[in-house]
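Let's take a walk through this one, going from one residue to the next. Have the viewer open and follow along.

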Amino acid sequence: MPQEQEHRFESMRTLAEEAEAAISAIQATAQTHLNEVDNDSSAQAESLQRISQSAGMAVEALREIAQLARRSRSYQAQAHQEHSSDRPQ
């Protein structure tokens, strides 16, 4: 079971890096390509599409992190309970 927990932690770190990269991409695109409104700009439309995709990637990574954290916490609580019940009182 500790190996599963280690795998969850590694997955959370990897997902956090992915979310951070997606957010950095959003910031870069917004700062570079969204300085003024241009409703006729196909480049601006592409930038907005990239931002939308990056945001979706970040949200999905954060959802997965939350799910892994819940599982990890559940495992931790269960392990604590088992350890506590093993101790003489």
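**Salt bridges and a buried leucine**

Glu 60 is partly exposed, with 37% relative accessible area; on this scale buried is under 20%, exposed is over 50% and partly exposed is in between, using a 1.4 Å probe and protein chains only. Before going on, keep in mind that this is a predicted model, where local features need pLDDT of at least 70, side-chain atom pairs count only at pLDDT 80 or more, and totals for chains, interfaces and linings use all residues. Residues are numbered from 1 along each chain as its sequence is written, and side-chain values use heavy atoms, with hydrogens and water left out.

Back to Glu 60: its side chain meets that of Arg 63 in a salt bridge, 3.6 Å from N to O. The term covers a side-chain nitrogen of Lys or Arg within 4 Å of a carboxyl oxygen of Asp or Glu. Because Arg 63 and Glu 60 sit three residues apart in helix α2 (residues 42-86), about one helical turn separates them. Helices here are DSSP runs of H or I with at least four residues, numbered from the N terminus. Arg 63 itself counts as exposed, at 54% relative accessibility.

How many salt bridges does a search of the whole structure find? It turns up three. Side chains of opposite charge can pair when their charged atoms come close.

Now jump to helix α1. Arg 13 and Glu 10 both lie there, three residues apart, or about one turn of the helix. They form a salt bridge whose closest N and O atoms are 2.8 Å apart. Arg 13 is partly exposed at 46% relative accessibility, and Glu 10 is partly exposed too, at 40%.

Glu 4 and Arg 8 also form a salt bridge, with 3.6 Å between the closest N and O atoms. These two are four residues apart in helix α1, so about one helical turn lies between them.

Last stop: Leu 15, found in helix α1 (residues 2-33). Leu 15 is buried, with a relative accessible area of 9%. Which residues does Leu 15 touch, not counting those up to four places away in sequence? They are Ala 61, Glu 64, Ile 65 and Leu 68, where contact means heavy atoms within 4.5 Å. Leu 15 and Ala 58 are 43 residues apart in sequence, yet their C-alpha atoms are 8.7 Å apart in space.
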